[in-house]
Amino acid sequence: MTALLVPLVTGAAVAFWICGPIMVAAAVAMVLSRKAVYSALYLALVMVNLAIIYASQDAPFLFVVQIIVYTGAVMMLFLFVVMLIGVDTRGTLVEKVKGHTPASVIAGIGGFILLAIAIGRGLVGPAIGVEAANQKYGGNVQGLAALLFGQYVLAFEATSALLITAAVGAMVLANVERLTPKFDQTARAKARIEEYATKGVHPGPRPSSGVYARHNSITSPALLPDGSVSPDSVSAVLVQRSGLSDAVALAAPAKEAFAALDVAQGEDEEIL
Amino acid sequence: MNPNFYVVLAAILFAIGIVGFLIRKNALVVFMSVELMLNASNLLLVTFSRVHGNLDGQAASFFVMVVAAAEVVVGLSIIVMIYRARQSANVDNENLLRY
Amino acid sequence: MAPTGLFPLAWLLIAVPLVSAAILLLAGKAANSWGHYLGTLAPIVSFVVALALFADLLGRPEAQHAVSVPLYTWIATGSWSIGVGLLIDPLSILFALLITGVGGLIHVYSIGYMAHDPGRRRFFAYLNLFIAAMLTLVLADNYAVLFVGWEGVGLASYLLISFWQHKPTAATAGKKAFVVNRVGDLGLTMAIFTMLAMFGSSSFEAVNAGASKMSPAWVTLLGMLLLVGACGKSAQVPLQSWLLDAMEGPTPVSALIHAATMVTAGVYLVIRSHAIYAQTSAAALAVAIVGTVTLLAGAWIGTSKDDIKKVLAGSTMSQIGYMMLAAGIGPIAYPFAIFHLLTHGFFKANMFLGAGSVMHGMNDDVNMRHYGGLAKVMKITYYTFLMGYLAIIGTPFFSGFYSKDSIIEAAWEKQPVLGALALIAAGITAFYMTRLMFMTFWSSKRWADGVHPHESPAVMWVPLVLLAIPSVIVGMVMNAWIAGWLAPAVGGEVPANPSWLPHLSLIGVVTLVVVIAGVGVAYMIFGRTSIPESVPFTRNVFTIIGRHDLYGDAFNEAVFMKPGEALTRGVVAVDSGVVDGAVRGSGALTLGLGGGLRKLQNGYVRSYGLTMIVGVIVVALALIIGRLV
C-alpha cells in the first residue's frame with residue numbers, strides 16, 4: 001500500500017484526505033439529521049469510509065470486518081429498528097434543560113482539544129508500520145489469527161460467551177408474552193354464530209361480485225334476485241377508491257340480447 | 001502518512017459523537033452517536049497499531065467490534081421494549097428517576 | 001493539743017441539734033405535740049456540753065487552750081487532703097456558748113411566740129438546723145468545714161426568713177437573702193480555692209503558718225476575698241440589702257439569726273483569718289473602712305424607720321460595723337471585736353425579743369407610730385428592753401459601754417478618721433435608740449381602740465429577764481479577762497493592767513458627751529412633742545434617704561439587676577440569633593443546597609451525560625496539568 005502515486009504522496013494520504021472530510025461531514029450530518037433513518041445512513045457512510053481508512057493503514061482484515069459487521073450487520077439492525085418503531089419518531093426541538101445545547105457543544109469542543117492534545121502527546125516519533133508484523137505469519141489475517149487464537153484466546157472465548165448472552169438477552173427482551181387465548185377457527189365460528197343469534201348478522205360468506213357478459217371485474221356489484229344492487233358484494237376499499245359500477249347499465253346489454261332472443265323465438269314459432 | 005492526522009480525525013469524530021449523544025433526544029440517534037465514538041476509538045487503535053508496529057491494536061479493535069455488536073443487539077432490544085411500553089423513543093420521556 | 005477528757009465528745013455540740021432537727025423534720029405530724037420541747041432541749045444540751053468544755057479549758061494552763069478534735073478524713077487526693085475536725089479554742093468556745101446560750105433562750109421564747117402557729121414543729125426544726133450549722137461554722141478546724149457550716153447557716157436563714165412563705169414579701173426576702181449571701185459565698189469559695197492552691201490545705205493551722213510566706217499581692221487578694229465573704233454573711237456594705245428585708249421572718253428568727261449569731265459569722269471569719277490580715281495592711285484597712293461605712297449606714301437607716309424591727313435591724317448593721325472596724329484595726333482590737341460581739345449578742349437578742357413581745361401585745365403591729373406609752377402596760381418587757389437600750393447606747397457600766405468604748409478608743413489611736421466617724425455614729429445610735437424608746441414605751445398612747453396591749457406569758461418574759469442580766473453585767477465581768485483569754489487564739493495583745501473598771505481617757509469622755517448629746521436631741525424632737533400617727537411629710541434629705549434604706553435596693557437594681565437583665569436579654573438574643581441562627585442557618589443552607597442540587601437530578605440522561613463529560617474533562621485536565629508541573 002505504499003506505492004507512490006505522486007512523489008511524497010502515498011495512497012494512504014490520498015485515502016485519508018478523501019475519506020476524512022467525508023467522514024467528518026457525514027458524522028455532523030448524522031448528528032443534525034431530523035430523521036433517524038437519515039442518521040443511520042450517514043453513520044453507514046462514516047463506517048464505510050472508516051473501513052477504507054483501515055485498509056489504507058494496512059489492516060485488510062479489519063477493513064472487511066468493518067464492512068461486514070458494522071455496515072452490514074449493525075447498521076442494518078439499526079435500520080430494522082428504525083422501521084419497527086417508526087421512521088417519523090422525530091425529536092422535538094424544544095430544549096427542556098436550560099443552556100444544555102451550548103454547554104454540550106462546549107463540552108464537545110473541550111473534549112476534542114483534550115483528546116487531541118493528550119493522545120497526541122502519546123505519539124513518540126514516526127509510525128513503524130505493520131508490514132513486518134504482517135509478514136511474520138505470512139499476512140495480516142494470519143497475524144491476527146495468531147494473536148486471537150494464541151495470546152488472546154481466553155478473551156476471544158469470553159467474547160463468544162458475550163455474543164451468546166447478547167443473543168439470548170435480545171430474545172428475552174423482545175419476547176412478548178401472550179396474555180389472552182389465541183382467537184382460533186373454532187372460536188371464530190362460535191363468535192359468528194353467536195352474532196347471528198343475537199344481532200342477526202349473516203353468518204355465511206358475503207356474496208361474490210357480479211359477473212356480466214362484458215364485465216367480470218371485482219368492482220362490479222352483484223344483482224339480487226329482485227334486480228336490486230347488493231352493496232356487500234364489493235370490497236369497501238374498492239368502493240372508497242373508485243365507487244360502485246352501475247350494475248343496471250352493465251346488465252342492460254344482456255337484457256337486450258334476451259329480449260331479441262324472445263323476439264326471434266316468436267318468429268320461429270310463426271314460421272314453424 | 002503522519003499518525004497525528006489520524007489522531008486528530010479520531011478526536012473530531014469522538015467529539016462529534018459526544019455532542020450527538022448530548023443534544024439528540026431520539027434514543028436511536030443517541031445510540032448511533034455511541035457507535036460513532038466506538039468507531040473513533042477503533043480508528044485510534046488501528047493507528048497506534050501501525051505506530052508501534054504490532055498487531056495488538058488491530059486485535060483490540062476486533063474485540064471492540066465484537067463487543068459493540070453484542071451491545072447493539074441488547075441496546076436495540078431495550079429501545080424496542082421501551083417503545084412498546086411508552087410509544088416513544090424520546091430519551092427525555094424516560095425521566096422517572098428524578099427529584 | 002490532742003483531745004482528752006470531755007473533748008472527744010465535742011462533736012455532740014453539733015450532733016444533738018442536728019439529730020433533733022432531723023427527727024422533727026422526719027417525724028411529721030406525730031411530733032407536733034412534743035416537737036417544740038425536743039427542739040428546745042437540743043440547744044440546751046449543747047449549751048451544757050459547751051459549758052463543760054469551757055470549764056475544762058478554764059482549768060488548763062494557757063498553752064493547752066486550743067484543742068483540736070479530728071473526726072475523720074473527708075477528702076484526700078494526691079497533694080492535699082481535707083479532714084473534718086473540730087477546733088476548740090478560746091475563740092470558738094465563746095462563740096459556742098453564745099450560740100447555744102442565747103439560742104437556747106430564743107428557743108424557749110419561741111415556744112410562747114409560736115404557740116399558735118401551725119408550722120411550729122417545722123420552725124423548731126429549722127432553728128435546730130441553724131444552731132447545728134452555726135456551731136459547725138465556729139467549731140470547724142479548717143475553712144472547708146467552716147464553709148459547710150457557712151452554707152448550712154445560709155440555708156437555715158433562707159428557710160427561716162421565708163418561714164411564712166404564704167406571704168410574698170417573706171418569700172422574696174428569703175430569696176433575696178439567699179442570693180446576696182451567694183455573692184459573699186463566691187468570695188469565700190475563691191478564698192478557699194486560693195488557700196488550697198497556695199498551701200495544699202485549708203486548715204487554720206496551715207493557713208496561719210503559711211500566711212507570712214505568701215507574696216503581698218496574693219495575701220491581699222486572699223484578704224479581699226475573705227472580706228467579700230464576710231460582707232455577705234454580716235450584711236456589710238455593699239451586701240447589706242438583705243438584712244432589713246430579713247425582718248419578714250418571725251421575730252425569734254430576727255433575734256437569733258440577724259442579731260446574735262449569723263451576722264457575726266463574718267466577724268468571726270475575719271478574726272479567724274487574723275494571720276492573713278496581719279500580713280496585708282491594705283486588706284485590713286478595707287475591712288475597717290467597710291465596717292465604718294456600714295456602721296454609719298446602719299445608724300442612718302435606724303434614724304428614719306418607723307418599723308421597730310427595721311430600726312433594730314439598722315442598729316444591728318451598725319453594731320456589726322463596729323465589730324468589723326475593730327477587726328480591721330489590727331491585733332490590738334481583735335478581742336474588742338469579739339467582746340462587742342458577745343455583749344451585742346446579749347443585748348440585741350434581748351431587744352429583738354422585747355420587740356417581739358411588744359408585737360405580741362400589739363396584734364403583730366410593727367409600726368412604732370401606733371405604739372406609745374407601753375411602759376405602763378408591759379412592765380417586764382419595758383424594763384428588760386430598757387437594759388438593752390442602756391447597753392447599746394453605751395451607758396457607763398453597762399455591757400455595751402465597755403466593748404464599744406474600747407473599739408472607738410482603739411480606732412481613734414490607729415485610724416483617727418475612722419475613729420471620729422465611729423464616735424459620731426455612737427451619737428447617732430443614742431439618738432435613734434432614744435427615738436425608739438420614746439415612740440414605743442414613753443410618750444402618750446396612740447394605739448387603736450381594738451388593741452389591748454398586755455404582758456407576754458412567762459415562757460416569753462423569762463428569757464427576756466435572762467438576757468437582760470448579761471446585757472447589764474457581762475461587760476463588767478469580762479472586761480478585765482477577755483483580752484487575755486482571747487489573745488492566744490486571735491493573736492491579740494494582752495493589755496498591761498486589766499481591770500473591771502473602764503479606764504478613763506479623753507476619748508472615752510468625748511464619747512460619753514456625744515452619746516448624751518444624741519439622747520438630748522432625741523428628747524428635744526420626740527420627747528417634748530406628740531408623735532404623729534402617720535408618717536410626717538419631710539423635706540429632710542437625710543430622712544428620705546434613710547427611709548429608703550439609703551437606696552441600697554435601687555442601687556442594686558440599677559447597677560446589677562438591670563444590666564444583668566440586659567445581659568440576659570443580650571445572651572438570649574445572641575443565642576437565638578447567632579447560635580440558633582448558625583444551627584438553623586446551616587440547616588437552611590443544607591436544605592437550600594439540596595434544593596438547588598436537586599434540580600440537577602432532572603431525570604434527563606443527556607444532562608447526566610454532560611455532567612459526566614465535564615467531570616472527565618476536569619479530571620483529565622488535572623492529570624495533564626499535574627504532569628506538566
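Two strands pair if DSSP finds at least two bridges between them. Helices (H or I, at least four residues) and strands (E, at least two) are DSSP runs, numbered from the N terminus. The model is predicted: local features need pLDDT of at least 70, side-chain atom pairs count only at pLDDT 80 or more, and totals for chains, interfaces and linings use all residues. Residues are numbered from 1 along each chain as its sequence is written, while chains are lettered from A and ligands numbered from 1 in the order in which they are written.

**View 1. A hairpin in chain C.** Here β1(C) and β2(C) make a hairpin, with four residues between them. Strand β1 (residues 67-76) and strand β2 (residues 81-88) of chain C run antiparallel and are joined by eight bridges. Look for C:A76, whose bridge partner in β2(C) is C:S81.

**View 2. Helix α17 of chain C.** This helix (residues 399-414) has 16 residues and reaches 23 Å from first C-alpha to last, close to the 22 Å expected at 1.5 Å a residue. That expected span is 1.5 Å times one less than the number of residues. Is α17(C) enclosed or open? It is largely enclosed by the rest of the structure, because 14 of its 16 residues are buried (20 or more other C-beta atoms within 10 Å of a residue's own, with C-beta atoms placed from the backbone).

**View 3. Helix α4 of chain C.** Residues 120-139 form this helix, and its end C-alpha atoms are 28 Å apart, in agreement with the 28 Å that its 20 residues should span at 1.5 Å a residue. Mostly covered, α4(C) has 18 of its 20 residues buried.

Terms used:
Buried ≥ 20, exposed ≤ 12 C-beta atoms within 10 Å, placed from the backbone.
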